Amino acid sequence: MRAIATNKRGKVLVLGIFALLLGGVGTAGAAITTVPAWRAAQGAGVTGTFTLTDPRPCDRWDPPRQRCGWVGDFVSDDGTVVRQDKGLSGGLPPGAKVGDRLPARDTGSPTVIYPLAGAQSWKDDAMTLAISVAAFVLGLVLTRPWSWWRGLRQLKARGQAPI
């Protein structure tokens, strides 16, 4: 019976460690994308022009859900901020072609420039962030790291702490 309980605890521990790793990496990645997207939705950042330079393939969905990407260059209105080869958030503008210029906003995202109108990608990013945090918390509950520390303190108090 003891072997079965130990085996179950081992599986729970492995699942917990997996959830911690997945949740931690997901939280970091989602935070990096959510903050600039939220700033764009709030009207923060530098305004300028995004020039379409390179269309990217569309995803697997049929219109109207289909998203096609664009890469281009952003130049702020005052010319002080220039960012090249960045993606345009929100998919393909209707009828867009290489060389088209769109009003846009740079909020510091490492990969994306946001259109001035309709920057709502923060909602998807926030959902990913929430799911990642939930996975991390689940990992904490399953691994219970506080119980390890308590056990080590008890061993140390008895003079049996591992070296």
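The model is predicted: local features need pLDDT of at least 70, side-chain atom pairs count only at pLDDT 80 or more, and totals for chains, interfaces and linings use all residues. Residues are numbered from 1 along each chain as its sequence is written, and side-chain values use heavy atoms, with hydrogens and water left out.

**Fold.** The chain has three helices and five strands. Their order along the sequence is α-β-β-β-β-β-α-α. These elements are DSSP runs numbered from the N terminus (helices: H or I, at least four residues; strands: E, at least two). Of the 163 residues, 25% count as buried. Buried means under 20% relative accessible area, exposed over 50%, and partly exposed in between (1.4 Å probe, protein chains only).

**Salt bridges.** A salt bridge is a side-chain nitrogen of Lys or Arg within 4 Å of a carboxyl oxygen of Asp or Glu. The count comes to two.

| Pair | N to O distance |
|---|---|
| Arg83 and Asp106 | 2.6 Å |
| Lys97 and Asp100 | 3.3 Å |

What does the bridge between Arg83 and Asp106 tie together? Arg83 lies in strand E3 and Asp106 in strand E4 (residues 101–106), so the pair links parts that are 23 residues apart in sequence. Both Arg83 and Asp106 are buried. Lys97 counts as exposed, because its relative accessibility is 52%.

**Strand E3.** Asp85 also sits in strand E3 (residues 82–88). Its phi is near 55°, a positive value in a residue other than glycine. Asp85 counts as exposed, at 58% relative accessibility.

**Surface patch.** Val133, Phe136, Val137 and Val141 form a nonpolar patch on the surface, with about 310 Å² of accessible area together. Areas come from the Shrake-Rupley method with a 1.4 Å probe; for residues, only the protein chains shown count as cover. Patch residues have over 30% relative accessible area and no salt bridge; like charges are joined within 9 Å, nonpolar side chains (Val, Leu, Ile, Met, Phe, Trp, Tyr) within 5 Å. Val133 lies in helix H2 (residues 122–143). Val133 counts as partly exposed, at 38% relative accessibility.

**Largest pocket.** About 240 Å³ of space lies in the largest pocket. Eleven residues line the largest pocket; the closest to its centre are Ser89, Gly90, Ser121, Asp124 and Asp125. Strand E5 (112–115) and H2 each give two or more residues to the lining. A pocket is an open set of points on a 1 Å grid over the protein atoms alone, where a 1.4 Å probe fits, with protein on both sides within 12 Å along at least five of seven lines; lining residues have an atom within 4 Å of a point.

Key:
Grid points are joined across faces, edges and corners, and a volume is the space filled by probe spheres set on the points.
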